[in-house]
Amino acid sequence: MSVQPWDFFISYSHRDVAYAKRLQRGLSSRGLKIWWDERLTVGKPFGMEIDKALALSRRVLVLWSKNGVKSEWVQQEASAARHYQKILPYRLDDCALPVEFMNLHTKPLGNAADAVDIILNDSGAQLVPGSRALTIRDPEIYLAKLPQTAAQRLFGREREFSMLFEAWDSGKTGVVILQAMGGQGKTALMRHWVQSMMECGWSGASRVYVESFYSQGTDEKRGGSADAFFTHALKWFGYDGPKITSRSAEGEELARRVQQERTLLILDGLEPLQYPAHRAGMAGKLKDPGLTALILQLAHQSRCMCLITTRFGLPELKALRPPTVVAEPLPPISDEAGASLLQDLGVRGTVSELKAAVHDLNGHALAVSLLGRYLIDFADGHIAQRSKLPLMPEHAGDRSLRRVMRRYEIAYEERIREQSENGKKADASASAKQLELLRLMGLFDRPADRQAILAIFAKPAIQGVTDAGVGMSDGDLKFAITQLRGHGLLFPAAPGQQEQLDAHPLIREYFADRLQNLNNGRAEAHGRLYSYFLQRARATTLANTIESLEPYFAAIAHGCGAGLYSESLDLFVEHISRGSERFASKSLGAHGSILGALVHFFVEPWKALVSKVDVVSQVRIASSAGFALRSLGRLPEAAEAFQTAATLEGKIPGSKRHYISLRHLSDTWLSLGEVQKAIDAGTEAVRQCNGPSDGFQRSICLVILARALHFSGNKEKALNSYLEAERLVVTEHSSRQILTGWQGYFLADLLLEMGRDDEARRRSEQALKLNASLAKRLDTALDHLAAGLVAAQSGKHGEANQYIELAVHGIGDAGEMFHLPVGLLARAGLLRTQGRFDDARKVLIQVQEICATSRLELMQIDHDIEAARLDIAELGAPPRKQFLGGGKSSAWLGQRAFLATKLDGIRSAVDQTRYLRRAPAITQLETQLANLEKRPQK
């Protein structure tokens, strides 16, 4: 029979027994099992009984006081509890904690009754199913991605460390952002805080999940991806349904599951998934709509907390203030904190000399730490040796670190030369191997495994790269790894990942730049990695998941690094895209991983490709990139990629597919609010698609152009284009008498706007009859949407609601997030006409989030117009409390003035984008608002 563990062990000084007894009674009254020293059995060894009770208790309450800190028993019990990772430390007075426990978050406790609630919250106590009693459940923890750092202790981050606990304890903070340039200790701070949370039994968290993106680097050519994160996280949080077809929907589903319990979600090193600073108007914004949806939803709740570390801020959260969102910039470490760090490493010198060294390195935490290790390991340990640091030109804000890294290289080179001159060839060889291994980290944009490193060191030697380490044995490699980890140049091995090598991204970026000077050697090293990962990929019998495709993605990246562009493209076509199947995109939704592979074919993403690929292949690469970017909502970049594809297609003699890229470009420009550019691209697509066998393709181009013309306000010309497209469809497919699906929806939308309701109704009814033969979910959904709009126009609200709901769910299932706002706006409009104003506003919030995520400029205008309709409807409804009273209240007048200003802003946006189809709607709203002024107020 198993022993039932105790819920709490109470460690206290006997001078505080009265308080401890009240605490014990309060916790016991909630059905919890408490062990305290009154349970000691006379005649049995106290030490053994206490050790057993500590091991069997779920949490250990340590009551520190001026009495407690003097008790050897309390200190011993606290040390054991910390070792078991179940300590919950509290203060009963303003005592000074023992040094060993100073970095643990220790809350003050008031009276025992209030203390019980604090302890229950911190321990994650939950009701026993079917009972009123409480129990303590061990949290679910995922730390496999918790990044390693070389920092053993924190210096100068006490305020930020406390802030993290305050944010967690408050229960009011949804998102915390730690922001600083690379190497300033964001990840080290996060990791030390996680360690402290772990030792405290996770401070009430039911679930903890850590993901780190930082190893993917920050260069645009590194192509960060969140594909694997969403695949794993959704499964870990319990989602076992069908594949979710859009990334935004994945983010929303994950957010719902994260919020079900008190959860700590950590997203470390988010910058690979953010736009770099040079992207005008986009700097810092998230590239992945799933992450945007996830973080935005978590920011608006307090059940859980999401901790983010990044080099950039998050513009998406800029409008949210503490305590909802806490953005904490990490400044450079102070001269005092840096001096303490150097002293802790063993560096000698006066305090003023140490401070001067920190100041000289601009308080760059990683540079200061590595300087200290360099002085201890390569110099005589005195700060005076820092004079050997070379001067370096400014480089991307990390000049301080580069000075130290260059000094490491020089020190290794000096050591190798001295050892060789002194006849210590073995020592010289070992040092040379370490330096070569360190430089090889520049070949990787994420952790490398030892077998990949050994593949590079295989015979024959790569000149300038593996001269000393050629044929390196596994034992020699292990020794080199141990030495570099000891210097802090490689991270310690993560638990269970002894085969993985990693270094700080800035160190990898430094050596990547250094390898650029070894063109042939660098290419040959990448070539060996290409062969290694290709062999691993081919050993995978069934590559049908993102994880199983990873070796192929790695092989493509290193193949491009080796100049093997044709071979790498063949891998992409055969195993990633699988011909015209677009497997990784359609079946896995791996758009980020696809871009991570394709970016290596570009000289400048997404505008210029490498010249070593033929033009036909360049078009294919650019188009594939465009589709992936569009699927992720990265519309400005998608426009760049489609423009590149169209330009390249025009260079191919006799090419007949120029129009495909042009029509995708037109559609993308329209989504971005560039109406005239969309018309120009659509017109050119129609002109290009004029062959005798191009009827069906020409009809698609005509529909794309018609939509752009409609948006520009040129309704008659748009209608003629739609009808010509329909004629071509009927000619090609005699069974189809009208445009259906997305094409039919666009035409119905135009007809309703032109007042031709009967024709729109006839077409809608005919399209619905054809639905049974349509296999495409999006086409069916948009036919339902057209029917819903027709019914709403006729005042048939029940029928409209039925069709619109079918449309919204169908669009979501099809994963077409660009069409979803149209369905949601139709839903909001219907709710408004039914007087369900609050429900309509909730739907508009969904639309706003989608528009903000994907920069849907015209959809944003549609949202603003519907929001204005809702505001005017509310303003004209029977007055609510704020509008009660005689005459026109100041609140009513203020709201009316605000709406007038808002309409002016919408009209300005319409004029700027040339989205002139909406000009009449604004005029109508202005008239309605003016008529409200004339209506007498009750």
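A residue is called buried when its relative accessible area is under 20%, exposed when this area is over 50%, and partly exposed in between, using a 1.4 Å probe and protein chains only.

## Basis of the report

The structure is a predicted model, in which local features need pLDDT of at least 70 and side-chain atom pairs count only at pLDDT 80 or more, while totals for chains, interfaces and linings use all residues. Residues are numbered from 1 along each chain as its sequence is written, and side-chain values use heavy atoms, with hydrogens and water left out.

Helices (H or I, at least four residues) and strands (E, at least two residues) are DSSP runs, numbered from the N terminus.

Strands of a sheet pair through backbone hydrogen bonds, in either a parallel or an antiparallel manner. Here, two strands are said to pair if DSSP finds at least two bridges between them.

Contact itself means heavy atoms within 4.5 Å. Valine 60 is placed opposite isoleucine 87 in S4.

## The six-stranded sheet

Another open sheet is formed by six strands in the order S8-S10-S11-S12-S9-S13, again with parallel pairing. Its edges are strand S8 (140-142) and strand S13 (325-329); each has a single partner strand, so one side of each is left without a neighbour in the sheet. On average, neighbouring strands of this sheet are turned by 10° against each other, direction ignored.

S10 pairs with strand S11 (residues 263-268) in the parallel sense over six bridges, and serine 212 stands opposite aspartate 268 in S11. Two helices lie across strands of this sheet. Helix H9 (residues 289-299) lies across S9, S11, S12 and S13, at about 140° to S11.

## A buried serine in a loop

Serine 203 is found in the loop between helix H6 (186-199) and strand S10 (207-212). With a relative accessible area of 9%, serine 203 is buried. Apart from its neighbours within four places in sequence, serine 203 is in contact with Asn121, Asp122, Phe165, Trp168 and Met197.

## Salt bridges

Side chains of opposite charge can pair when their charged atoms come close. A salt bridge is counted when a side-chain nitrogen of Lys or Arg is within 4 Å of a carboxyl oxygen of Asp or Glu. The structure holds 60 salt bridges. One of them joins the side chains of lysine 355 and glutamate 336 (3.7 Å, N to O). Lysine 355 belongs to helix H11 (residues 351-360) and glutamate 336 to helix H10 (residues 335-345), so this pair ties together parts that are 19 residues apart in sequence.

Other pairs lie within a single helix. Aspartate 474 and lysine 478 form a salt bridge, their closest N and O atoms being 3.6 Å apart. Both residues lie in helix H16 (residues 474-486), four residues apart, which is about one turn of the helix. Aspartate 474 is partly exposed at 29% relative accessibility, and lysine 478 is partly exposed at 44%. Arginine 406 and glutamate 409 meet in a salt bridge (3.4 Å, N to O); they are three residues apart in helix H13 (residues 399-421), or about one helical turn. Glutamate 409 counts as buried, at 1% relative accessibility.

## Helix H30

The buried residues of H30 are Glu759, Ala760, Arg763, Ser764 and Ala767. They cover an arc of only 135° around the axis, which puts them on the same side of H30; the arc is that of the directions from the helix axis to the C-beta atoms. Asp758 and Lys769, on the other side of H30, are exposed. The cover over the buried residues of H30 includes helix H28 (715-732), helix H29 (741-753) and helix H31 (777-793).

Terms used
Axes fitted to C-alpha atoms, helices over the stretch in contact; angles between N-to-C directions.
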